[in-house]
Amino acid sequence: MGLFDSVVGAFAGGQSGGDSPLLNVVMQLINNPQTGGLGGLVRSFQQGGLGNIVDSWVSTGQNLPISAEQIQAVLGAGKLQEIAAQLGVSTEQASGGLADLLPQLVDKLTPNGQLPEGGDLLAQGLDMLKKGGLFA
């Protein structure tokens, strides 16, 4: 079992991918209108000097990896602590899980290589995950 599988398994609590607490937290993060939603999250990575990485997730090509430390640098310690508290894990576990999950999730939410306009990404994303779109 790889690191990604063990992290997702730990966060999911043995449930299907669509019911994973980590996935739910991430979908809330990228669907938050106060932070600009998915576009705002992408901009925060670009402004944090990681534009080439996040752009690879949006594009139709290969996704570049991101480290837990890079996730922490972009999201900030406060947001990461908030996420970790919601999940009941350490900030290191939360940032590691996000580093594994975000590239795949952003990739799946931008299948045409463009950020979606409007719509409810949370509903779309959770529906896609429940149908096996992320891990298929």
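**Close-up views of a predicted model**

View 1. Serine 56 is placed in helix H3, which spans residues 37-58; helices are DSSP runs of H or I with at least four residues, numbered from the N terminus. The structure is a predicted model, in which local features need pLDDT of at least 70, side-chain atom pairs count only at pLDDT 80 or more, and totals for chains, interfaces and linings use all residues. Residues are numbered from 1 along each chain as its sequence is written, and side-chain values use heavy atoms, with hydrogens and water left out. Serine 56 counts as buried because its relative accessibility is 8% (buried: under 20% relative accessible area, with a 1.4 Å probe and protein chains only). A polar atom of the serine 56 side chain lies 2.6 Å from the backbone oxygen of isoleucine 53. Apart from neighbours within four places in sequence, serine 56 is in contact with Gly61, Gln62, Asn63 and Leu64 (contact: heavy atoms within 4.5 Å).

**View 2. The aromatic pair of phenylalanine 45 and tryptophan 57.** Rings of Phe, Tyr and Trp (its six-membered ring) pair if their centres lie within 6.5 Å; planes under 30 degrees apart count as stacked, over 60 as edge-to-face and the rest as tilted. The count under this rule is one aromatic pair. The ring centres of phenylalanine 45 and tryptophan 57 are 5.5 Å apart and the planes stand at 65°, so the pair is edge-to-face. Phenylalanine 45 and tryptophan 57 are both buried.

**View 3. Glycine 37 in helix H3.** With 10% relative accessibility, glycine 37 counts as buried. Beyond its neighbours within four places in sequence, glycine 37 is in contact with Ile30, Asn31 and Asn32. The C-alpha atoms of glycine 37 and methionine 27 are 9.4 Å apart, the two being ten residues apart along the chain.

Technical notes. Buried means under 20% relative accessible area, exposed over 50%, partly exposed in between (1.4 Å probe, protein chains only). Helices (H or I, at least four residues) and strands (E, at least two) are DSSP runs, numbered from the N terminus. A polar contact is a pair of N or O atoms within 3.5 Å; within protein, one must be able to donate a hydrogen and the other to accept it, and residues adjacent in sequence count only if both atoms are side-chain atoms.
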